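Please open the structure in a viewer and keep the sequence at hand.

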Amino acid sequence: PATAPTSVSGTTTICLGQSTTLTAQGGSDGSGALFQWYLGSCGAGFLSNANQITVSPTTTTTYYVRRVGTSSCTQTTSCFAVTVVVQPIPTIYTVTGTASICDGQATSISLSGSQVGLNYELFLNGSSTGISIAGTGSSLVFPNISTQGTYTVEADVSSNYCPGSYSMTGSATITVNPVPTVT
């Protein structure tokens, strides 16, 4: 008799718009059993007869795989379930803010929202290095700004399984004034 798959290999956390290939592993075919993949529950929502499927879910989704007998000696096995977690692409938020601060002071940049769990970076226009801060709500506070100029904010989602960065619309002008010298 066939025995059920014992695991599934493949990437199980993806970004919205990405796909992943899931491969059933373990167990045995017995006497001519085939893999069958399902969406929704074990035995319902048939997807494929292969041991490997490529899926592109738009929300976090659970897939089920089992072996189904093709002869009188081979039984249908129980399913192995695997969940693919879909991380959202950050929404493009509007950035607003004008600040006049002293060299080395922190400033707050307002967004129409930020997502907890994502890192945001403040870049001086033309610069390739930024100041990083975790998203916590509708306003981000960036510390230790010492260069005057116009800054843009980006969401760095590589730590959230999504590749690259996503630019926010708009920019924030920050005027950095030198600390007065007492003579």
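Predicted model: local features only at pLDDT ≥ 70, side-chain atom pairs only at ≥ 80, totals over all residues.

Residues are numbered from 1 along each chain as its sequence is written, and side-chain values use heavy atoms, with hydrogens and water left out.

Select residues 7–9, strand E1. Strands are DSSP runs of E with at least two residues, numbered from the N terminus, and two of them pair if DSSP finds at least two bridges between them. E1 belongs to an open, antiparallel sheet of three strands, ordered E1-E3-E6. E1 and E6 (52–55) are the edges; each has a single partner strand, so one side of each lacks a neighbour in the sheet.

Next, select Thr 61 in strand E7 (residues 61–68). Thr 61 is buried, at 15% relative accessible area (buried is under 20%, exposed over 50%, partly exposed in between, with a 1.4 Å probe and protein chains only). Thr 61 touches Leu 39, Val 82, Thr 83 and Val 84, leaving aside residues up to four places away in sequence (contact means heavy atoms within 4.5 Å).

Finally, select Cys 42 and Cys 79, joined by a disulfide with an S to S distance of 1.9 Å (a pair of cysteine sulfur atoms within 2.5 Å). The pair ties together parts 37 residues apart in sequence, because Cys 42 lies in the loop between E4 and E5 and Cys 79 in the loop between E7 and E8.

How values were computed:
Helix = DSSP H or I, 4+ residues; strand = E, 2+ residues; numbered from the N terminus.
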